[in-house]
Amino acid sequence: MSAEAWLYGAQFALSVAGEANKYQQAEQDAAEQRAAAGRQAAINNKLAYNAHLNLNQQQMLEMQKFGFEKRDLQKNIRAQRATNEAIRASFGGDLGQQGATLEATILNINRHGYEALARKDLNFKILATDFNIRHRNVTLETESKNNAAFSGLSTGGSALGTGLSILGSGLQTKLNYDKDIKGR
């Protein structure tokens, strides 16, 4: 085999080595991108977990607060009734409130008390709905950040593309060799 043939063979071998190196580099870059995206997703998931814990603690405190406030309202209703009874009893005998006036006073105390309890329940339901929405928003935000972390990742090297490039390089080297040999 002539020196020229060896040179063309070496040129082809270097071309093959270059294409194989590009393929390996693309594979390595893709693996590093996937690992980085996985790390980012893990961080996003930890942040979401902490956000959910925080929301759960806030919700628990609000529920405790609601329970205390509701109990206080119920105590106030009982206290108003007791106050009314004490006033009625202080008049003694038939001189205190009686009949429709007594019933109207008791109904009025109950109505105001139960309206306050109903408002408290409605406010709590609104607050509970708000917490559910905030939990869903944390989850959606995390999903969005994870999708962003994994979008645009390289798929790595293409074995078919590398093979075709090597084949093209081989054909080009053969054509150059034949042209050089025949051109003399």
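What is the accessible surface of the protein, and what percentage of it belongs to carbon and sulfur atoms? The accessible surface comes to about 13,000 Å², and 60% of this belongs to carbon and sulfur atoms (Shrake-Rupley method, 1.4 Å probe; for residues, only the protein chains shown count as cover). The structure is a predicted model, in which local features need pLDDT of at least 70 and side-chain atom pairs count only at pLDDT 80 or more, while totals for chains, interfaces and linings use all residues. Residues are numbered from 1 along each chain as its sequence is written, and side-chain values use heavy atoms, with hydrogens and water left out.

The secondary structure consists of three helices and zero strands, in the order α-α-α from the N terminus (DSSP runs numbered from the N terminus: helices, H or I, at least four residues; strands, E, at least two). The C-alpha trace spans about 140 × 20 × 15 Å along its principal axes. The radius of gyration is 41 Å, whereas a compact globule of 184 residues would have a value near 16 Å (taken over C-alpha atoms; globule rule, 2.2 Å times the number of residues to the power 0.38).

Of the 184 residues, 18% count as buried (buried, under 20% relative accessible area; exposed, over 50%; partly exposed, in between; 1.4 Å probe, protein chains only). Among contacts between residues at least 6 apart in sequence, 91% join residues at least 24 apart (contact, heavy atoms within 4.5 Å).

Thr105 is placed in helix α2, residues 99-150, and is partly exposed, because its relative accessible area is 22%. The C-alpha atoms of Thr105 and Asn84 lie 8.0 Å apart, with the two residues 21 apart in sequence.
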